[in-house]
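The following exercises are to be worked with the sequence and the structure at hand. Each task is followed by a solution in steps.

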Amino acid sequence: MSNRHKKGDIVNSLFWGTLILLTGVTLLGVNTGYVSGHVWGNLWKLWPVLLIVWGLNIILRNTSLQFLSYLSPLILILAFAYAAWWAPIEGDNGGWHFPKYIGLSRPESREVQDYSFKYSRSEEIHDVDVELDLGAARLSVSPSDEDAFVNVLLKTNIGEPTVNFELEGNTLKAYAASPRGGITWGDYTQEWHILLPAATPVSLNLDVGASDCELDLADMLLTYLEIDAGAAALTLNLPAPDVEGYAVDLDVGASDLNLTFPEGAPVRIDFDGGLSSTNFGRAGLKKDDGYWYSEAYKAGTPFADLSITSGVASVDLAFE
């Protein structure tokens, strides 16, 4: 093998090794609170850098300028650093978001405050559409009572959240987002509790980062659930399908996913798992034509239709 081919192998190893290392360091930073969960949105905006660096490595390979390819790890490091600590986030004009102290000590926390946003029941409302953009947080979703038709509760020390309610025709649209531009590193708190109506059709769209989420939807009229999560622990207690059934779309990264259905619920799952593990077979599901089916699905009744895309995840399903 020529020296140029050897150099090309070294460059490829440096490129992919640096990319994997930076991704791991970023995940660790988000999980421990030293890096804001907004880093994933910033990195998504910078993904063309990956193509540019990769393209340059291909162009320079086996040329007299191949030595310039050794700059690719440095470019990746700068891109990750910009996304984590310099890129502006919504409501901010940019600037360093790095902790004040480097080492074992963390910055002091701000005082935790309670926020409450409520929308009362109305005869005009026929269905509810909820969108949550929470970043790294703890989240619980459960049925509301008659007085608190939709209630959004938050304990946090990183600033005031964004919560909006809007009635469009007979659909109540509720939007909640984590505080922007505040302290998003160190010992911070962000605990959400969302109360949703049990007797009104509900659609829920959830975007979270390194989070711990428990969704108790078993007694709700769920029509659609979409979750986009990074390194998260997700516990979903899902309902039996009503006369129209419902769809669930889960896109998760390095996550621990626990799904619970009522005994005998008709379920179909389209699973793209990467390096993930599941217990679908042990839970009684059968695989046919690329889908996993529960025994009750064959009856032709309305069913729960799940699409799960995961990276390195553990997926556990149970019927109770």
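**Exercise 1.** Identify the bridge partner of I269 in β17, and then the residue opposite I269 in β18.

*Solution.* Step 1. In this predicted model, I269 has W292 as its bridge partner in β17. Step 2. Strand β17 covers residues 291-293 and runs antiparallel to β14, to which 3 bridges join it. Step 3. In β18, the residue opposite I269 is L306. Step 4. The pairing of β14 with β18 is parallel and extends over 6 bridges.

**Exercise 2.** Determine which parts of the chain the salt bridge between R268 and D305 ties together, and classify the accessibility of R268 and D305.

*Solution.* Step 1. The side chains of R268 and D305 form a salt bridge with an N to O distance of 3.0 Å. Step 2. R268 belongs to strand β14 (residues 267-272) and D305 to strand β18 (residues 304-310), so this pair ties together parts 37 residues apart in sequence. Step 3. R268 has a relative accessible area of 17%; because buried means under 20%, R268 is buried. Step 4. D305, at 25%, is partly exposed. Step 5.

**Exercise 3.** State how many salt bridges the rule counts, and describe the pairs D114 with K155 and D129 with K173.

*Solution.* Step 1. The count is 4 salt bridges. Step 2. As a general principle, side chains of opposite charge can pair when their charged atoms come close. Step 3. One of the salt bridges joins the side chains of D114 and K155, at 2.8 Å from N to O. Step 4. This pair links distant parts of the chain, with D114 in strand β1 (residues 113-119) and K155 in strand β4, 41 residues apart. Step 5. D114 is exposed at 56% relative accessibility, whereas K155 is partly exposed at 38%. Step 6. In the salt bridge of D129 with K173, the closest N and O atoms are 3.1 Å apart. Step 7. D129 lies in strand β2 (residues 127-135) and K173 in strand β6 (residues 171-177), so parts of the chain 44 residues apart are tied together. Step 8. D129 is partly exposed, at 26%, and K173 is partly exposed, at 30%.

**Exercise 4.** Is T156 buried or exposed, and what does T156 touch?

*Solution.* Step 1. T156 is located in strand β4, which comprises residues 150-156. Step 2. T156 has a relative accessible area of 1% and is therefore buried. Step 3. Leaving aside residues up to four places away in sequence, T156 touches E111, V112, Q113, Y115, P179, T189 and Q190. Step 4. The side chain of T156 also reaches the backbone nitrogen of I158, at 3.2 Å.

**Exercise 5.** Describe the nonpolar cores.

*Solution.* Step 1. The largest nonpolar core contains 57 residues, and those with the most contacts inside it are L139, W192, L215, L225, L259 and F261. Step 2. Another core, of 8 residues, lies apart from it and includes L19, L22, L76 and F80.

**Exercise 6.** Where does pLDDT stay under 50?

*Solution.* Step 1. The average pLDDT of the protein chain is 81, and 78% of the residues score at least 70. Step 2. pLDDT stays under 50 over residues 89-109, where the model has 42 contacts beyond four places in sequence. Step 3. pLDDT also stays under 50 over residues 181-185, with 21 such contacts. Step 4. Where pLDDT is low, the predicted coordinates should not be read in detail.

Notes:
Residues are numbered from 1 along each chain as its sequence is written. This is a predicted model: local features need pLDDT of at least 70, side-chain atom pairs count only at pLDDT 80 or more; totals for chains, interfaces and linings use all residues. Side-chain values use heavy atoms; hydrogens and water are left out. Helices (H or I, at least four residues) and strands (E, at least two) are DSSP runs, numbered from the N terminus. Buried means under 20% relative accessible area, exposed over 50%, partly exposed in between (1.4 Å probe, protein chains only). A polar contact is a pair of N or O atoms within 3.5 Å; within protein, one must be able to donate a hydrogen and the other to accept it, and residues adjacent in sequence count only if both atoms are side-chain atoms. Contact means heavy atoms within 4.5 Å. pLDDT is the predictor's confidence in each residue, from 0 to 100. A nonpolar core is a set of buried Ala, Val, Leu, Ile, Met, Phe, Trp, Tyr and Cys residues joined through side-chain atoms within 4.5 Å. Two strands pair if DSSP finds at least two bridges between them.
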